[in-house]
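Subject: A structure for you to explore

Hi there,

Here is the structure I promised to pass on to you. Please open it alongside this email, and then read on for what turned up.

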Amino acid sequence: ATYRNLVINLGSNSDVVTQTHNLNIFGDLTITRGQYQINDATARRLNLTISNDLSVSSNGSIRVGTGDTRSGYSTSSIPPTGQFQYGVSHDVRIGGDFINNGDVRFTNQTGPVYNDFASNGAATVTFTGTQNNKAELNGRTDFYNLILDKGEDQTFELEVNSSAIGHFRLFGPNAAGRTTSGSFTAANPEVRKALWLRNGTLRLTGNMFIPTLGESNGMAGGNGDFPIPQNGKLWIDSPNVEIFVTAQNNGQTLVDGVEGTGVNGTGSNTALTIYGTFRVSDGYFSSRNSAGIIYWADASGTVIIEGGEVDAGQLRSSATGGGSAAYLQSGGTVNLRGNTGPFGSELNGSSAIFSIDNEDVVFDMRGGS
């Protein structure tokens, strides 16, 4: 069950090698030709740990078997604290770079289901390590749950570069709220959604469209906003990267011909919560009809606008007040539309549209609009 390096080079692209027990690869996993499949039709969860790089050539592919990984968990019965992402799917960990020139699917779903777990097999992919890495996506790459867990703060970066819109898609549920139980805190909660920036910086470049990061707490748990933890940074850094924090209907989730289901549509508990850093150097971000961008007293979040465009209903501290943050703008355009925008909005009427209600908040604007 352990290898230094593992190379899959089968007789044809359609030949399949199936992983049926846990594997630990201390070097690289290289798929030159053929299909690497995690599990078969057996109901179980498997681990695949790759200490260095995962490379898939143009003649290679990755799939997951159809075996149910949920262990009885459902919409109303989610795994306990610390087990949400790993308790409902296979556990794939990558310590180095991920280069996909082939066809990779960590799910068997035909489209994202935002409010329930997949019953036909799925894998959570976690990027680990204490160095900067890249995910170069030059072929279809369908993630289920994607976790960034590099180091212990924002220092180390994973740059995800997608060469086409359809080469990066998220299929996992994102309707559960965050939790602070156990070892998790308000500033660094367990984020029970398809994307979790647990530690490190996620830099998004290339061509990418993420239609929704959070769909309220329609499954279970606390506040359903999409949080950037204190130890995390979300960095939008390309003109063709377009990110929405939530969707109003299933039709807005269409990505390269694939449409999701389970959109809440109310806008409630679907804002962008910032405990860490939200940085936009290029591209587009919208909060659609959510409460907008919210900072909290639990940690001093940072908003950095250097270029691109940000559209939000409101920027304010949490309803409990006393929030601390830094707003730094040197370029780009920020539109805070109140309740008059094309998407509607869930506004806090007791706060200004652009609200700095604490003398500890830093405001530094040197450019942009």
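Strands (E, at least two residues) and helices (H or I, at least four) are DSSP runs, numbered from the N terminus. With a relative accessible area of 33%, I356 is partly exposed; buried means under 20%, exposed means over 50%, and partly exposed is in between (1.4 Å probe, protein chains only).

Two notes on how to read the model. Residues are numbered from 1 along each chain as its sequence is written, and side-chain values use heavy atoms, with hydrogens and water left out. Since this is a predicted model, local features need pLDDT of at least 70 and side-chain atom pairs count only at pLDDT 80 or more, while totals for chains, interfaces and linings use all residues.

The loop between β27 and β28 also holds S351. S351 is buried, at a relative accessible area of 17%. Setting aside residues up to four places away in sequence, S351 touches Q314 and R316, where contact means heavy atoms within 4.5 Å.

D256 is not a glycine, and yet has a positive phi of about 50 degrees. You will find D256 in the loop between β19 (232-244) and β20 (272-274), where D256 is exposed at 56% relative accessibility. R288 is not a glycine either, and has a positive phi of about 45 degrees. R288 lies in the loop between β21 (277-286) and β22 (293-295). Is R288 buried or exposed? R288 is buried, with a relative accessible area of 5%.

Now for the sheets. Four strands form an open sheet with parallel pairing, in the order β18-β20-β22-β25. β18 (226-228) and β25 (315-317) stand at the edges with a single partner strand each, so one side of each has no neighbour in the sheet. From one strand to the next, the twist averages 25 degrees; such angles run from 0 to 180 degrees between N-to-C directions, with axes being lines fitted to C-alpha atoms (for helices, over the stretch in contact). β18 and β20 run parallel and are joined by three bridges; two strands pair if DSSP finds at least two bridges between them. Within this pair, F226 stands opposite L272 in β20.

Strand β14 (residues 145-149) is worth a look too. Five of its five residues are buried, so β14 is largely enclosed by the rest of the structure. Both faces are covered, with N145, I147 and D149 on one side and L146 and L148 on the other. Which strands pair with β14? Strand β11 (residues 123-127) runs parallel to β14 and is joined to it by four bridges, with V125 and L146 as bridge partners. Strand β17 (residues 195-210) also pairs with β14 in the parallel sense over four bridges, and there I147 has W196 as its bridge partner.

Finally, the salt bridges. A salt bridge is a side-chain nitrogen of Lys or Arg within 4 Å of a carboxyl oxygen of Asp or Glu, and the structure holds twelve of them. In one, R140 meets D103, the closest N and O atoms being 2.8 Å apart. That pair links distant parts of the chain, with R140 in the loop between β12 (133-137) and β13 (141-143) and D103 in strand β10 (residues 103-105), 37 residues apart. R140 is partly exposed at 30% relative accessibility, and D103 is partly exposed at 21%. R63, D103 and R140 are linked in a network of salt bridges.

Another salt bridge joins the side chains of R105 and D142 (2.6 Å, N to O). This pair also links distant parts of the chain, from R105 in strand β10 to D142 in strand β13, 37 residues apart. R105 is buried at 11% relative accessibility, and D142 is buried at 0%.

Enjoy exploring!

Best wishes
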